[in-house]
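Hello,

Here is the structure I promised to pass on. Please open it first, then read my notes below.

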Amino acid sequence: MGDPPASPAGPNGGHPPVTRPADGTEALAVRASSGDQAALDALLRDISPDVLRRCARFLLYREDAEEAAQDVLVQVARNIHRFEGRSKFSTWLYTVVANCSRQKYRELKRRSAETPLTTAEATHPDPRTTSVIAGSRVDLLEALERLEREAPQLVTPLIYRDICELDYAEIADRMNLPVGTVKSRLHRARQQVRPWLMGGDTREPGGAEA
């Protein structure tokens, strides 16, 4: 008799070894969106370092950035079926990054408002729950929150360009706007936010002190 057919099991028996798909991130995202679980697993592994790095641009403390990054990966896993491949996956992903990072910051602020301060905390407040950037400057997330109240149409171009570092064509495609309109809104957003970040104007709309 000839040799028995080779077993598909790995060297230790059991299931065959799992191999990583050789596709790039964009191709993995398309496959994952159609229900390919192996592609989704590979996609989450691939994007994890970049997601953490981008969350850290919003959140100063690594623990906060890591929590936001985990939220991003959960949202990607839950909602990848909504990615239709009409724009780059990276553009879709950066929207999730921005939303999860800002939501984490809001949670920190809400937690701070709901928790009575001890004497020590009142003297030395935790910057995680007050301002990401200590001192007289307004932190970026606070500036984005204020811009959302005053001129919400300017928030997305600022996030996409200055934080997510997308090019103008990607932003225009994502927002379904002409490139000229994107540039105009970005210019206005930068003009409005700059004095807040430099400490030149920390008042709330209407003249009240922030």
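**What I found**

Of the 210 residues in the protein chain, 36% are buried. Buried means under 20% relative accessible area, exposed means over 50%, and partly exposed is in between (1.4 Å probe, protein chains only). This is a predicted model: local features need pLDDT of at least 70, side-chain atom pairs count only at pLDDT 80 or more, and totals for chains, interfaces and linings use all residues. Residues are numbered from 1 along each chain as its sequence is written, and side-chain values use heavy atoms, with hydrogens and water left out.

**Overall layout**

The protein chain has nine helices and zero strands. From the N terminus on, its elements run α-α-α-α-α-α-α-α-α. Helices (H or I, at least four residues) and strands (E, at least two) are DSSP runs, numbered from the N terminus. Now for contacts, meaning heavy atoms within 4.5 Å. Take those in the protein chain with a separation of 6 or more: residues 24 or more positions apart account for 60% of them.

**Aromatic rings**

A pair of aromatic rings is described by the distance of the centres and the angle of the planes. Rings of Phe, Tyr and Trp (its six-membered ring) pair if their centres lie within 6.5 Å; planes under 30 degrees apart count as stacked, over 60 as edge-to-face and the rest as tilted. The whole structure holds three aromatic pairs. One of them joins F83 and F89: the ring centres are 5.5 Å apart and the planes stand at 80 degrees, so this pair is edge-to-face. F83 also pairs with W92. That pair is tilted, at 6.0 Å centre to centre with 55 degrees between the planes. Ring pairs link F83, F89 and W92 into a cluster. F83 and F89 are both buried. F83 counts as buried because its relative accessibility is 5%. W92 counts as buried too, at 11%.

**Helix 7 against helix 9**

Look next at helix 7 (residues 155-163) and helix 9 (residues 179-197). Their axes come within 9 Å and cross at roughly 90 degrees. Therefore helix 7 is roughly perpendicular to helix 9. Axes are lines fitted to C-alpha atoms, for helices over the stretch in contact, and angles run from 0 to 180 degrees between N-to-C directions. Angles under 35 degrees count as roughly parallel, over 145 as roughly antiparallel, 65 to 115 as roughly perpendicular and the rest as oblique. On helix 7, the residues in contact are P157, L158, R161 and D162. They meet V182, R185, L186, A189, R190 and V193 in helix 9. The residues of this contact divide into six nonpolar, no polar and four charged. Here Ala, Val, Leu, Ile, Met, Phe, Trp, Tyr, Cys and Pro count as nonpolar, Asp, Glu, Lys and Arg as charged, and the others, Gly among them, as polar.

**Helix 8**

Helix 8 covers residues 168-175. Its buried residues are E170, I171 and A172. At its start, a side-chain oxygen of D167 reaches to within 3.2 Å of the backbone nitrogen of A169. Just after helix 8, N176 takes a positive phi of about 55 degrees.

**Two single residues**

Is S101 buried or exposed? S101 counts as buried, at 0% relative accessibility. S101 sits in helix 4 (residues 89-114). Leaving aside neighbours within four places in sequence, S101 is in contact with C55, F58, L59 and A68.

Q37 belongs to helix 2 (residues 37-58). Q37 is partly exposed, with a relative accessible area of 47%. Q37 and A77 are 40 residues apart along the chain, and their C-alpha atoms are separated by 9.7 Å.

Best wishes

Methods: Polar contact = N/O pair within 3.5 Å; in protein donor to acceptor, adjacent residues only side chain to side chain.
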